[in-house]
Amino acid sequence: QVQLVESGGGLVQAGGSLRLSCAASGLTFRFYTMAWFRQAPGKEREFVATIPRSGGPTDYSDSAKGRFTISRDNGKNTVYPQMNSLKPEDTAVYYCAARAIGAETYLYWGQGTQVTVSS
């Protein structure tokens, strides 16, 4: 079955950096648009960044633009967000998701990884 497994979360001070990973299995990774979402306590899940099958162009939320960089390695079936200049408001559970060719929604989701940014 399809599995998306996130890793790399943790506790970091404001201004610091983290690199998350999402390893995919059970699907033909290069055929899927990949994305990252996040959900903070008491808030709705929100879009963070997306990367198409070819690797570009990427798209970011306003809050992520200029600080986060999404990339993918189709040979390793893995997608990464590099998150720099982290702020306390970036504290959330981060999820990766996969959307198939022609699909309008993200069908597959990971279990999430916690990112906590201390002030």
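The following dialogue examines how the descriptions of this predicted model rest on their definitions.

Colleague: How do you know how many helices and strands the protein chain has?

Modeller: Helices (H or I, at least four residues) and strands (E, at least two) are DSSP runs, numbered from the N terminus. By that definition the protein chain has zero helices and 12 strands, and its pattern along the sequence reads β-β-β-β-β-β-β-β-β-β-β-β.

Colleague: Why is the protein chain called as compact as a globular protein of its length?

Modeller: The radius of gyration is taken over C-alpha atoms, and the globule rule is 2.2 Å times the number of residues to the power 0.38. For 119 residues the rule gives 14 Å, and the protein chain has a radius of 13 Å, close to that value, so the description applies. The C-alpha atoms fill a box of roughly 40 × 25 × 25 Å along the principal axes.

Colleague: What makes Phe68 a buried residue?

Modeller: Buried means under 20% relative accessible area, exposed means over 50%, and partly exposed lies in between (1.4 Å probe, protein chains only). Phe68 has a relative accessible area of 4%, and is therefore buried. This residue is found in strand E8. In the protein chain as a whole, buried residues make up 42% of the 119 residues.

Colleague: Which residues does Phe68 touch, apart from those up to four places away in sequence?

Modeller: Contact means heavy atoms within 4.5 Å. With those sequence neighbours not counted, Phe68 touches Arg38, Val48, Tyr60, Gln82, Met83, Asn84, Leu86, Asp90 and Tyr94. The C-alpha atoms of Phe68 and Met34 are separated by 15 Å, and these residues are 34 apart along the chain. Across the protein chain, 55% of the contacts between residues at least 6 apart in sequence join residues at least 24 apart.

Colleague: What makes a set of residues a nonpolar core, and which members of the largest one touch the most other members?

Modeller: A nonpolar core is a set of buried Ala, Val, Leu, Ile, Met, Phe, Trp, Tyr and Cys residues joined through side-chain atoms within 4.5 Å. The largest such core has 28 residues, of which Leu4, Met34, Trp36, Phe68, Val79, Met83 and Tyr94 touch the most other members. At least two residues of this core come from each of strands E4 (21-25), E5 (33-39), E6 (46-51), E8 (68-73), E9 (78-83), E10 (92-99) and E12 (113-118). The largest share, four residues, comes from E10.

Colleague: Is Ser61 buried or exposed, and how do you know?

Modeller: Ser61 has a relative accessible area of 14%, which is under the 20% limit, so Ser61 is buried. Its place is in the loop between strand E7 (59-60) and E8. Leaving aside neighbours within four places in sequence, Ser61 is in contact with Phe47 and Val48.

Colleague: Why is Ser85 called partly exposed?

Modeller: The relative accessibility of Ser85 is 42%, a value between 20% and 50%, and therefore Ser85 counts as partly exposed. Ser85 lies in the loop between E9 and E10. Not counting residues up to four places away in sequence, Ser85 touches Gly15, Gly16, Ser17, Arg67 and Asp90.

Colleague: What makes the backbone at Ser85, Asn77 and Pro57 worth noting?

Modeller: Most residues other than glycine have a negative phi, and most peptide bonds are trans. Ser85 has a positive phi near 50°, and Asn77, likewise not a glycine, has a positive phi of about 55°. Asn77 is in the loop between E8 and E9, and is partly exposed at a relative accessible area of 24%. The peptide bond from Gly56 to Pro57 is cis, with omega near -5°, and Pro57 lies in the loop between E6 and E7.

How values were computed: Residues numbered from 1 in each chain as written. Predicted model: local features only at pLDDT ≥ 70, side-chain atom pairs only at ≥ 80, totals over all residues. Heavy atoms only, no water.
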